[in-house]
Amino acid sequence: MVNESRFHCYFGPGEAPRVVRAPGRVNLIGEHTDYNDGFVLPIAIDRQMRACVRPRADRLVRVRSIGADGEGRADLDAPVEPGEPRWANYVLGVIEGLRRAGAPLRGADLLLDSTIPTGGGLSSSAALTVATALAMRLAGGEGRGPWPEGMALARLCQHAEHAFAGTPCGIMDPSIVLLARAGAAMLLDCRTGEPRHVPLADPGVVVLVCDTQVRHELNDGGYAARRAQCESAAAKLGVAALRDAGARQVEACGSLTDVERRRARHVVGEIARTVEAAAALQRGDYAAFGRLMDASHASLRDDYEVSCGELDAIVEAAAGREGVYGARMTGGGFGGCAIILARRDAADAVADAVASHYQAAYGRRCPIFATRPAAGASVVG
Ligand code: GLA
């Protein structure tokens, strides 16, 4: 992990750096609903991005990473452009967003390190953008100017990914990374930006995160294609977004193609499931919550077509096992991670059974870790 002496190795001796952290996330339910103005229900996890930051006397920002080669650079007095190394573009995109927002930036050196697997669908990129924003704020001197906060900052981070990494991601990831509370999931209304924290602090329950190690990129076409299909379905249904359509309306609309109908069916059903799941969580009804997770997975697999054999295998291996409430893929799909909601006292046995099933089916490991809802991004030193 990043610390003072490693920072000095990368950027030379001097004042001790400050440190911020930004967590990864898993979405418990509400998949592919954020860009349809719907609801999502994610938690932050205890894997995180850390950034050490030290202000500079000039207007230069330099960023390096312990896990990746190269150095990103930005001059704060000129428009910042994306370039090489590509990983640094997330950082540069945030700096450009803050510059345009008129935030009082100072030059800084940043060193990054992360325990979030990249490309695993755990929002390593949102953790990076949010950590950058917090680090630049620390370097700029807190409270001395118009710093975007809350959902405005989440939108700035989302925009940085769109503009500098070519990723058409939704608002869910930077929102939960910024606004999460320990011991709670967050029901986010992606239309109004209103978050509601729903307690998930029961020590008898854990979320198991199972990494297929199948890597996906949101900018490889599948994700953008789903967004476009949703938009054209909404237009044919005569609604601003699929959030406004009803299940019967989707089945009755004669002008939808088969694909559009199935995409819309998923989104409309998933939004209803997410609201229902938040209510189930609120009353501690994990069995009901788990059934909604199972239904979400089936819908993502069959109607939205964003699952894959590896994700399905994990969900099938977990289904019906003693102590398992429910299981589903999480995040954009096409690989990445599946999650299992399980009783804590059964979690080890469930993880062992799923891992050996996966090993037998695919001949490789499926790393599994247990997590409980962590706090959103913060300054740690
Ligand atoms: C990715 C995006 C999110 C969301 C999910 C699907 O993780 O970054 O905004 O759209 O896919 O729910």
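The legends below describe close-up views of a predicted model. Local features need pLDDT of at least 70 and side-chain atom pairs count only at pLDDT 80 or more, while totals for chains, interfaces and linings use all residues. Residues are numbered from 1 along each chain as its sequence is written, and side-chain values use heavy atoms, with hydrogens and water left out.

**View 1. Packing of helix α3 against helix α5.** Helices (H or I, at least four residues) and strands (E, at least two) are DSSP runs numbered from the N terminus. The axes of α3 (residues 124–140) and α5 (residues 172–179) cross at roughly 50° and come within 9 Å. Axes are lines fitted to C-alpha atoms, for helices over the stretch in contact, and angles run from 0 to 180 degrees between N-to-C directions. The two helices, α3 and α5, are therefore oblique to each other; angles under 35 degrees count as roughly parallel, over 145 as roughly antiparallel, 65 to 115 as roughly perpendicular and the rest as oblique. On the α3 side, the contact (heavy atoms within 4.5 Å) is made by Ala 126, Ala 127, Val 130 and Leu 134. On the α5 side, Asp 173, Pro 174, Val 177 and Leu 178 take part.

**View 2. Packing of helix α2 against helix α4.** The axes of α2 (residues 89–100) and α4 (residues 150–165) come within 8 Å, with a crossing angle of roughly 120°. That angle makes α2 oblique to α4. Residues of α2 in the contact include Asn 89, Tyr 90, Leu 92 and Val 94. They meet residues of α4, among them Leu 156, Ala 160 and Phe 164.

View 3. Of the 13 residues around the ligand (a heavy atom within 4 Å), Glu 31, His 32, Asp 34, Asp 173 and Tyr 223 come nearest. An N or O atom in the side chain of Glu 31 is 2.6 Å from an oxygen atom of the ligand. For the side chain of Tyr 223, an N or O atom is likewise 2.6 Å from a ligand oxygen atom. A polar backbone atom of Gly 332 is 3.4 Å from an oxygen atom of the ligand.

View 4. His 32 lies in the loop between β1 (18–27) and β2 (39–40). Its phi is positive, about 60°, although His 32 is not a glycine. Pro 85 is found in the loop between β5 (68–75) and α2. A cis peptide bond, with omega of about -5°, joins Glu 84 and Pro 85. Most residues other than glycine have a negative phi, and most peptide bonds are trans.

Technical notes: A polar contact is a pair of N or O atoms within 3.5 Å; within protein, one must be able to donate a hydrogen and the other to accept it, and residues adjacent in sequence count only if both atoms are side-chain atoms.
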